[in-house]
Amino acid sequence: MFSIREELTTTLNEIKAAGLYKDEREILSPQSAHIRTGQGELLNFCANNYLGLADNPEIIAASHAGLDDYGYGTASVRFICGTQDIHRKLERKIADYVGMEDAILFPSAFDANGGIFEVLLGKGDAVVSDELNHASIIDGVRLSKARRFRYKNSDMEQLREQLVAARAEGVGRILIVTDGVFSMDGYYAKLPEICDLADEFDAMVMVDDSHATGIVGEHGAGTPSEFGVSDRVDILSGTLGKALGGASGGYIAGPAELIALLKQRARPYLFSNAVAPSLVAGSLKALDVAREGDDLRAKIADNAQLFRSLMAEAGFELLPGSHAIIAVMFPGDDGARLAGEIAAKLGEFGVYVTAFSYPVVPLGKARIRVQLSAAHSVEDVRAAVAAFVQARDAVLA
């Protein structure tokens, strides 16, 4: 009879044998375009630090002030005695930024998506979800009793078919849910077409804008703003842990009545400590910087375009797009090995990236996901491309 320790070791060895084991590499410095690791100083091209705000001095100072003024933690959930005035200030500011009536803070965006579906949808309702939606949406949907329908990524014909099927079953509410930006591909959701179908089938639309808020749209308001459908999207979820300073915390923004109901029934909200006051204070400042950050958004776009053009000239295969997420593809049976070896070699040549292969991405579509930041200089981008070429040549030699 195996002990539990032996059983767990066996499982871990199976994960390693399948090439799926995830090693955590320790960073010895603040998150930035340049980081210190055990390998020395590296160019960082795999963080969600899109606006370069993770080490922004103004945000750090605001966070210090929040720590001084409000203490280390709330030591309570929100409805007991964990709500400070800055929590409501941040919620109102988020709602205003993304163009919604109100917002509710959660400890993380994963918790936000984990809390909404069982509150909004019951046994007689339906949720129709894009197959490439984030894991937090998938898990959140599982917690609800609603009927579940799934459509192929951005396939509007199949979305229509699933909406027809849902209506044929006589469901009540229908919620279409999609990522605004699909994080492994850098593709945008087809929000205008989704909203058209929602109107036709009397469905609601929810968008997880975690990889878009602060980056696209007017003043960084997100994908609904970018595609001119802000008044047609009903619910937004998002994070404070990417472009908006890169700390932690998530939110749902939407109609005031929905936010009020979530505060009564959303379990991750009711049974988790409030977001730490220092993070709230820093996020308030991050929203100010993001709103005024058109120059940062222009820099991201320029960096992404430069990286794409130089990599294409060097013969790499990229998924098309314009987002700061750029997938460098290594297709085929040998792609996973090749992506992994090139990513490792890039570390030796001074660039910090991560390779992804099945089951994180579809079989045969291994990739190195590169993420550009406004903090990267033109020299950084050129150095990264040069390192890609050097790493590829070394691996294929």
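Trainee: Before we start, what are the ground rules here?
Mentor: This is a predicted model, in which local features need pLDDT of at least 70 and side-chain atom pairs count only at pLDDT 80 or more, while totals for chains, interfaces and linings use all residues. Residues are numbered from 1 along each chain as its sequence is written, and side-chain values use heavy atoms, with hydrogens and water left out.

Trainee: OK, what's the strand order in the open sheet of four strands?
Mentor: The order is β12-β13-β16-β15, with antiparallel pairing; strands here are DSSP E runs of at least two residues and helices are H or I runs of at least four, numbered from the N terminus, and two strands pair if DSSP finds at least two bridges between them.

Trainee: And which are the edge strands?
Mentor: They are β12 (317–318) and β15 (354–356), each of which pairs on one side only. For β15 the partner is the antiparallel strand β16 (residues 365–371), joined to β15 by three bridges, and Phe 356 stands opposite Arg 367 there.

Trainee: Which strands does helix α13 lie across?
Mentor: Helix α13 (residues 294–313) lies across β12, β13 (325–331) and β16, and runs at about 20 degrees to β13, where axes are lines fitted to C-alpha atoms, for helices over the stretch in contact, and angles run from 0 to 180 degrees between N-to-C directions.

Trainee: Switching to the largest nonpolar core, which residues touch the most other members?
Mentor: Of its 90 residues, those are Phe 307 and Ile 368; such a core is a set of buried Ala, Val, Leu, Ile, Met, Phe, Trp, Tyr and Cys residues joined through side-chain atoms within 4.5 Å, and buried means under 20% relative accessible area, with exposed over 50% and partly exposed in between (1.4 Å probe, protein chains only). Apart from that core lies another, of 23 residues, including Phe 106 and Ile 252.

Trainee: What is Ile 368 in contact with, beyond its neighbours in sequence?
Mentor: Leaving aside neighbours within four places, its contacts (heavy atoms within 4.5 Å) include Ile 326, Val 328, Leu 346, Val 353 and Phe 388.

Trainee: How many salt bridges are there?
Mentor: The count comes to 17, taking a salt bridge as a side-chain nitrogen of Lys or Arg within 4 Å of a carboxyl oxygen of Asp or Glu. In one of them the side chains of Glu 91 and Lys 263 meet at 3.1 Å, N to O. Glu 91 lies in helix α4 (residues 85–98) and Lys 263 in helix α10 (residues 256–265), so the pair ties together parts 172 residues apart in sequence.

Trainee: Is Glu 91 buried or exposed?
Mentor: Glu 91 counts as buried, at 0% relative accessibility, and Lys 263 counts as buried at 19%.

Trainee: Last topic: how many aromatic pairs does the search find?
Mentor: It finds four, where rings of Phe, Tyr and Trp (its six-membered ring) pair if their centres lie within 6.5 Å, and planes under 30 degrees apart count as stacked, over 60 as edge-to-face and the rest as tilted. The rings of Tyr 188 and Phe 227 have centres 5.7 Å apart and planes at 70 degrees, so the pair is edge-to-face.

Trainee: Which aromatic cluster does Phe 307 belong to?
Mentor: Phe 307 forms one cluster with Phe 316 and Phe 388, and both Phe 307 and Phe 388 are buried.
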